[in-house]
Amino acid sequence: MEVEMDNLPSTISPLLLRSMASSVFIYADKLFINLAEKFKPFEIIRYVLITSFLFFLRLLSFLFLSDLPPKSQSHVYTFNPPKSNGRYLIGSGVSDSGIARALSQVLSIVNDIPVSSRKYAIVRSLAEGLIEENRREDAEGLREVNRAVLSSAFSRTLSYLEAAMVELGQDRIGHDGAGPAPVQYWVKRALRVVRSVGDGVWAREGSGGVREDVNRSGNSAEKLAAELLWLAQKLVDCGFGEEAVERWASASNLASLSLLAEPRLQGSLVKVSTFLFKQARDMEMALDETEEFYEESRRQTKMKMLTSWLPLLCRASNGTDMPVLSINEKAELEKVLEETIELLDHEEQEQVLSLWLHHFAYCSSSDWPNLHALYCRWCTNSRKLLLLH
C-alpha cells in the first residue's frame with residue numbers, strides 16, 4: 001500500500017504539481033468569470049479551461065502510476081470501483097462469513113439511501129449495533145470482520161464521493177438558473193466523454209475497471225463526507241484507525257477536487273482531515289520503538305497526508321458565520337500539524353512548509369493554520385546546517 005522510499009520524490013512531485021495547478025486554476029477562473037460578464041467570448045474560454053483542468057487531474061494520476069515500477073504500483077492505494085451489486089469483495093475466510101456479508105450489505109444501504117428517508121436512521125443504527133456487538137465479543141474472527149468490512153466501506157465511500165464531486169464540478173459549469181446555453185451543453189457533453197475515455201484507460205491499465213454511476217438520490221457529496229467521518233470513527237473505535245489514515249492520505253485526487261468544492265462540503269472534508277490528522281499523531285505516539293518498519297511506513301503516510309490535505313486546510317472557508325472548527329480545535333490541530341511535520345526529514349519538511357506557505361499566503365480569506373513559528377524554526381535549522389557543512 002505504500003510507495004517505496006526510493007520513489008518518494010516521484011510521489012511528491014505530482015502532488016505538489018497538482019496543488020500548484022489547482023491554485024493557479026482557482027485564480028484564473030475568478031478572472032475569467034469577471035471578464036465573461038463583460039465579454040461573451042471569455043465565457044467559452046472559461047469552459048474550455050475547466051474541461052482541460054478536469055482532464056489534467058485524471059491524466060496526471062494516470063501518468064504518475066505509469067511511471068512507477070511494477071513493485072511500487074502494486075503498493076499504491078487506488079479507488080477500486082464497486083461491483084455491479086454495489087458491494088466490494090471483502091476476501092475469504094471469516095471476512096466472507098454470513099455476519100460479514102450482512103454488515104457489508106447494511107453499510108452499502110447506508111451509502112445508497114438519502115438522509116431524508118425515515119429508514120436511514122434505522123439502517124445506520126443497525127450497522128452501529130452490528131459493529132459494536134462484534135467488538136464486544138472480543139474474538140479475533142469478529143475483529144477481522146469489522147476491519148475488512150469497515151475498510152471496504154470506507155474505500156467505497158471515498159470512491160462515491162470523488163465521483164459525486166466530479167459530477168458537481170460539471171453541473172456547476174455555466175449554471176445560471178435559466179437552462180443550459182448551447183455552448184454549455186456541448187461543453188458538458190465533452191466533459192462526460194473525457195471522463196468516460198479516462199475510465200476506459202484506467203480499466204485497460206488494470207486500475208479496477210469503469211466506475212459505476214453513483215449519481216443516486218442518496219449520494220449527495222455532503223452526506224458521503226459525513227459518512228466518511230463516521231466510518232473513520234468506527235475504524236478507530238475498533239482499533240483499526242490506520243486503515244482510515246492510509247486511505248485518506250492516498251486520496252490525492254479527492255484532495256485536489258476539494259479545492260474547488262462548495263464551502264459547506266469543504267467544511268465537512270476539513271472535519272474528516274482534522275480527525276485523521278489527530279489519529280495519525282496518536283498512532284505515532286503509541287508506536288513501539290522496535291517497530292522500525294511500521295515507523296517508516298507511517299512516516300510516508302504522514303507525508304502523503306500533509307501534501308494532499310494541507311492545501312484544503314489553508315483554503316477552506318473558516319469564517320465566523322459558520323465556523324467549521326472552534327478556536328480550541330484550530331489551535332489543537334495547528335499543534336498536531338507542527339508535531340507531525342517536525343518528525344519528517346529536513347528535506348521533506350521543506351517540501352511541506354513550502355506547500356503550506358504558498359496556499360497560506362495566497363488565500364486572503366483565512367489565516368489558518370498558522371505555521372509561521374514552525375517555518376521560522378526550520379529556517380534557523382537550515383541556516384545552521386549550511387554553516388556546519
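Visitor: How do H14 and H15 sit, oblique or parallel to each other?
Guide: In this predicted model, H14 and H15 pack at an angle of about 140°, with their axes 11 Å apart. H14 and H15 are therefore oblique to each other. Angles over 145 degrees would count as roughly antiparallel.

Visitor: And what hand does the crossing of H14 and H15 have?
Guide: The crossing of H14 and H15 is left-handed.

Visitor: Which residues meet there?
Guide: On the H14 side you'll find His346, Gln349, Glu350, Leu353, Trp356 and Leu357. They meet His372, Leu374, Tyr375, Trp378, Asn381, Ser382 and Leu385 of H15. By class, the contact of H14 with H15 has seven nonpolar residues, five polar and one charged.

Visitor: What about the loop between H14 and H15? Where is proline 369?
Guide: Proline 369 is in that loop, which lies between helix H14 (346–362) and helix H15 (372–388). The peptide bond from tryptophan 368 to proline 369 is cis, with omega near -5°. As a general point, most peptide bonds are trans.

Visitor: What does leucine 371 touch?
Guide: Leaving aside its neighbours within four places in sequence, leucine 371 is in contact with Glu334, Leu337, Glu338, Ile341 and Trp356. Take leucine 337 as an example: leucine 371 is 34 residues from leucine 337 along the chain, and their C-alpha atoms are separated by 8.3 Å. Trp356, another of those contacts, is also among the H14 residues that meet H15.

Visitor: Let's zoom out. How many helices and strands does the protein chain have?
Guide: There are 15 helices and zero strands in the protein chain.

Visitor: What share of the residues counts as buried?
Guide: Of the 389 residues of the protein chain, 50% count as buried. On the contact side, residues 24 or more positions apart account for 81% of the contacts with a separation of 6 or more.

Visitor: Now H11. How many residues does H11 have, and what is its reach?
Guide: Helix H11 (residues 263–285) has 23 residues. From its first C-alpha to its last, H11 reaches 33 Å, close to the 33 Å expected at 1.5 Å a residue.

Visitor: Why call H11 largely enclosed?
Guide: Because 17 of its 23 residues are buried, H11 is largely enclosed by the rest of the structure.

Visitor: What about H8 and H11, how do their axes cross?
Guide: The axes of helix H8 (residues 221–237) and H11 come within 8 Å and cross at roughly 15°. H8 and H11 are therefore roughly parallel to each other. H8 passes H11 in a left-handed crossing.

Visitor: Which residues make the contact?
Guide: From H8, they are Ala221, Glu222, Ala225, Leu229, Ala232, Gln233 and Val236. Those from H11 include Arg264, Leu265, Ser268, Leu269 and Phe275. Sorted by class, the contact of H8 with H11 has ten nonpolar, three polar and three charged residues.

Visitor: And H11 with H13, at what angle do they pack?
Guide: H11 and helix H13 (residues 327–342) pack at an angle of about 45°, with their axes 10 Å apart. H11 and H13 are therefore oblique to each other, and their crossing is left-handed. Thr274, Phe277, Lys278 and Arg281 in H11 meet Glu332, Leu333, Val336, Leu337 and Glu339 in H13. That contact has four nonpolar, one polar and four charged residues.

Visitor: Which residues of H9 are buried?
Guide: The buried ones in H9 are Gly241, Glu243, Ala244, Val245, Glu246, Arg247, Trp248 and Ala249. With eight of the nine residues of helix H9 (residues 241–249) buried, H9 is largely enclosed by the rest of the structure.

How values were computed
Residues are numbered from 1 along each chain as its sequence is written. This is a predicted model: local features need pLDDT of at least 70, side-chain atom pairs count only at pLDDT 80 or more; totals for chains, interfaces and linings use all residues. Side-chain values use heavy atoms; hydrogens and water are left out. Helices (H or I, at least four residues) and strands (E, at least two) are DSSP runs, numbered from the N terminus. The expected span of a helix is 1.5 Å times one less than its number of residues. Buried means under 20% relative accessible area, exposed over 50%, partly exposed in between (1.4 Å probe, protein chains only). Axes are lines fitted to C-alpha atoms, for helices over the stretch in contact, and angles run from 0 to 180 degrees between N-to-C directions. Angles under 35 degrees count as roughly parallel, over 145 as roughly antiparallel, 65 to 115 as roughly perpendicular and the rest as oblique. A crossing is left-handed if the near helix is turned anticlockwise from the far one by less than a right angle, and right-handed if clockwise. Contact means heavy atoms within 4.5 Å. Ala, Val, Leu, Ile, Met, Phe, Trp, Tyr, Cys and Pro count as nonpolar, Asp, Glu, Lys and Arg as charged, and the others, Gly among them, as polar.
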